[in-house]
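Open the model in your viewer and keep the selection panel at hand. This tour tells you what to pick next and what you will find there.

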Amino acid sequence: MNKVNGINIVVAMKREATPLINYWNLKENSKNFYSNKKKKINLIISGIGKKKAEKATIYIGQKTNNYFFLNIGIAGHKNFKLGEIILISKVTDNKNKYSWYPSLLWKTKIKKSPLMTVIFPKIRYTTNYLYDMEAAGFFKGARNFVGPEKVQCIKIVSDNKDSSIFKISSKKIENWVYSKTTIINKLVKEFLKI
Amino acid sequence: MIETIYIENQVRKHHRTKKILSKFKKKVDVIYCDHYGEIFNIKSQNFRIQKLKPALVLAKKEGKKLHNIPKNFSIGGNKNYYFSHMLNCIYDCEYCFLQGKHMSAHYLLFVNYEDFFAEIKKKINQNHLEKSYFFSGYDCDSLALDGITDFIESFLPIFEKNRNGILEIRTKSIQIQKILKYKPIENCIIAFSFTPDNISKLIENKVPSVQRRINSMKKLADKGWKLGLRFDPIVPTCNFAKIYDNLFKTISSNIPMESIHSISFGMMRFPKKMFKKMMKENVTKRITSLNFINENGIYSYPKETQTKLENIIVRKLKKYMDNIPIYNCKV
């Protein structure tokens, strides 16, 4: 097996990235691009939306060879609790209905769920999917470089039917991600075993 | 252990899908898809990584269900077909062509057995003047996942009622409990594959030991089932004649010869593309050290080696199991 050399992490917003940058002690290489060479972790802040996510993923993919790809961010769901961490089992682009299926090989008890990437934030949750705005772009970009075993997506629930997107604040985002950094780190270690 | 099940939307309400899901007492992740190809056929999958934890994919088999078997691979019949209700295997044999055949290591199970039954019955009727032979176990092990697939309790009754069809169930598994619940069916052959014990331990990962398989055969024989012996592939090794002699001797001393329907054997052989993929993904495996040569697009042992091995195999088989038809699955 061709063991991965490190991990590329794509995050949409600075607020999502800050707790991770601090946790892994990532240093800013260039604008919105951080890394810790010893830990072999790269992180890029893509901006909001699937096109920006795809562009950032391709950018980081071209800089690395045989790296694992991980998208971390917030997402909404009808019923899931705010702050809950979810490993994504299927990503569907709402525009063209194309789906990606990341291989689920990991020793983890984290809840899994399918996710739909939409162009505009979702106010009504019509399905049992999570909703975000980047994952489809991230998968499209990452799959140019590696297979389904090496592309994964982790989301933290930011809104649900009882707490709409209008209640999300930067501080809350930072706190949600911060509270899950240990679990994320554990998963990253699991990812890097392959 | 299966932890993830992908289900095609078109079979999510199929009775067999529901039954299979009900068998998973422990929580499994169920993910729906439009077509199994979205998971099974996509490029750049890593078979070796997936083999660490394969998922189960439930789907509908479209198109032809029966395929002609390669020439020279029969066990005495003229009308020979294979069918695959499942693709991929729980075992991990170093020589297995499945690792070069499919993009994915997931277990792909086609739940629409009834469509297989219809085609099998149609073929039996078409060939009503002679027996039709149907082979299961080409793209999967027929019995290894029987606890989930219910292959036996689904397919045996079809052949029980259609005696002009001969079913060969090929396996390395010892999951024979469901077969033992049936009275022996004259036109069904339970065919066990073997390599000698020391080879099996080295290159047939997760496969039950030779002795356990022999024990299973014995139980079936005692009940009156017809058995097949399949030595395919023959693996060249040090002390080749002695090792195979031991294997044949052990089998013949445990299994009553009147239970053996037929014996077949064959050399390791792979189409070029499959061979290249297997070798690329298995650089550290023992079989890569064997001497393969390409002849007309098929990689196998050199002709002189094949002839030498064939002669030894036939001589040794006749020593212990005379009067049983022997078929050489020659390329």
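How many residues of chain A are in contact with chain B? Select both chains: 15 residues of chain A are in contact with 15 residues of chain B. (In contact means that the C-beta atoms, placed from the backbone, lie within 7 Å.) On the chain A side, β6 (85-93) and β8 (111-117) each supply at least two residues. That side divides into eight nonpolar, four polar and three charged residues. (Ala, Val, Leu, Ile, Met, Phe, Trp, Tyr, Cys and Pro count as nonpolar, Asp, Glu, Lys and Arg as charged, and the others, Gly among them, as polar.)

A word on what is shown: this is a predicted model, where local features need pLDDT of at least 70, side-chain atom pairs count only at pLDDT 80 or more, and totals for chains, interfaces and linings use all residues. Residues are numbered from 1 along each chain as its sequence is written, while chains are lettered from A and ligands numbered from 1 in the order in which they are written.

**Chain A as a whole**

Chain A has five helices and ten strands. (These are DSSP runs, numbered from the N terminus: helices are H or I with at least four residues, strands E with at least two.) The C-alpha trace spans about 40 × 35 × 30 Å along its principal axes. Buried residues make up 49% of the 194 residues. (Buried means 20 or more other C-beta atoms within 10 Å of a residue's own, with C-beta atoms placed from the backbone.)

**Helix α1**

Select A:Glu16, in helix α1 (residues 14-24). A:Glu16 is buried, with 20 other C-beta atoms within 10 Å. Among the residues that A:Glu16 touches, leaving aside those up to four places away in sequence, are A:Ile72, A:Ile173 and A:Val177.

Switch to chain B. Five strands form an open sheet in the order β2-β1-β3-β8-β6, with mixed pairing. (Two strands pair if DSSP finds at least two bridges between them.) Finish on B:Ile7, whose bridge partner in β3(B) is B:Leu58.

Conventions: A residue is buried if 20 or more other C-beta atoms lie within 10 Å of its own, exposed if 12 or fewer, and partly exposed in between; C-beta atoms are placed from the backbone. Two residues are in contact if their C-beta atoms, placed from the backbone, lie within 7 Å.
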